[in-house]
Amino acid sequence: MDVLLFGIAKDIVGESRLRLEGEHEDLLSVGQLKRFLKRKFPEFSNLSSFAVAVNSEYAEDDVPLGRNDEIAIIPPVSGG
Amino acid sequence: MKKIIIEIVDTIDTSRVYSELSHAQSGGICVFIGSVREFTNKEAVVALEFETYKTMALKEMRKIADEAFSKWDLNKLVLRHATGIKKVEEPVVIVGASSAHRSECFEACRFLIDTLKDRVPIWKKEIFRNKTVWVSAHP
């Protein structure tokens, strides 16, 4: 599973794409991915908030993650 | 004919917007342009850098445009955001709408920029002389 990273999320992880291989087969939902990221990269807990997009749509915590989905971390947006 | 322009571009050409929004049935055009301000909390900004998740940003901008068309009787609408490094006084976003009478396009224009700032996956980094800050990232 690949996770796209933008803005401060990219700085926290240190790359623009996080590759999660077989050992992360327990990441079945958006909520589980968020908890995993906060555990592995504690700086995520310091953000105002962060959302997850699945196939370029904002996704709630109960949305399932599939191997072929495009998954992205959306830190607080600040366009305009 | 109703027309929607939605774009993410390297450089915004503000001179195009009148022809993009003018319409035979429109008696009013309202435009908002966001630009780079020199100071944030009295600290001099060297530049802003914008990053986008382009496929999703364009999708969200399309939803905002559709919502605006459903709320107000509009003829044309523009939503355009810049990406990359922008210097002081450069335009970074332009939104606008045209309608038969002014109240619709005024209200729609405010909705377009407020909702874009709230929802569209675009991130702004303030570049100061000695540091950089992702805007709104931390409480």
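Begin in chain B by selecting strand β5, residues 74-82, together with strand β7, residues 91-99, which pair with each other in the antiparallel sense over 7 bridges. Keep in mind from the start that this is a predicted model. To see one of the places where β7(B) is joined to a partner, pick B:His81, whose bridge partner in that strand is B:Val93. Strands of a sheet pair through backbone hydrogen bonds, either parallel or antiparallel.

Now widen the selection to the open sheet of 4 strands in chain B, whose order is β1-β5-β7-β2 and whose pairing is mixed. At the edges you will find β1 (3-9) and β2 (28-35) of chain B, each of which pairs on one side only. If you compare the directions of neighbouring strands in this sheet, they are turned by 5° against each other on average, direction ignored.

Helix α2 of chain B, residues 54-71, lies across β1 and β5 of chain B and runs at about 155° to β1(B). Helix α3 of chain B, residues 102-119, packs on the sheet and touches β2, β5 and β7 of chain B, with its direction making about 145° with that of β7(B).

Stay in strand β7 of chain B and select B:Ser99, which lies there. Is B:Ser99 buried or exposed? Its relative accessibility is 0%, and because buried means under 20%, B:Ser99 counts as buried. The side chain of B:Ser99 reaches the backbone nitrogen of B:Cys105 at 3.1 Å, and among the residues that B:Ser99 touches, not counting those up to four places away in sequence, are B:Gln25, B:Asp73 and B:Glu104.

For the next stop, select A:Leu33, A:Leu37, A:Phe44, A:Ile73 and B:Tyr53, the residues with the most contacts inside the largest nonpolar core, which has 35 residues. In chain A, β1 (2-5), α1 (7-13), α2 (30-40), β3 (51-54) and β5 (71-74) each supply at least two residues of this core. Apart from it lies another core, of 31 residues, among them B:Ala65, B:Trp72, B:Leu77 and B:Ile113.

Finally, show both chains and look at where they meet: the contact takes 24 residues from chain A and 27 residues from chain B. The area buried between chain A and chain B is about 2,100 Å², of which carbon and sulfur atoms give 54%.

How values were computed: Residues are numbered from 1 along each chain as its sequence is written. Chains are lettered from A and ligands numbered from 1 in the order in which they are written. This is a predicted model: local features need pLDDT of at least 70, side-chain atom pairs count only at pLDDT 80 or more; totals for chains, interfaces and linings use all residues. Side-chain values use heavy atoms; hydrogens and water are left out. A nonpolar core is a set of buried Ala, Val, Leu, Ile, Met, Phe, Trp, Tyr and Cys residues joined through side-chain atoms within 4.5 Å. Buried means under 20% relative accessible area, exposed over 50%, partly exposed in between (1.4 Å probe, protein chains only). Two strands pair if DSSP finds at least two bridges between them. Axes are lines fitted to C-alpha atoms, for helices over the stretch in contact, and angles run from 0 to 180 degrees between N-to-C directions. Contact means heavy atoms within 4.5 Å. A polar contact is a pair of N or O atoms within 3.5 Å; within protein, one must be able to donate a hydrogen and the other to accept it, and residues adjacent in sequence count only if both atoms are side-chain atoms. Buried area is the accessible area (1.4 Å probe) that two parts lose on being put together, summed over both.
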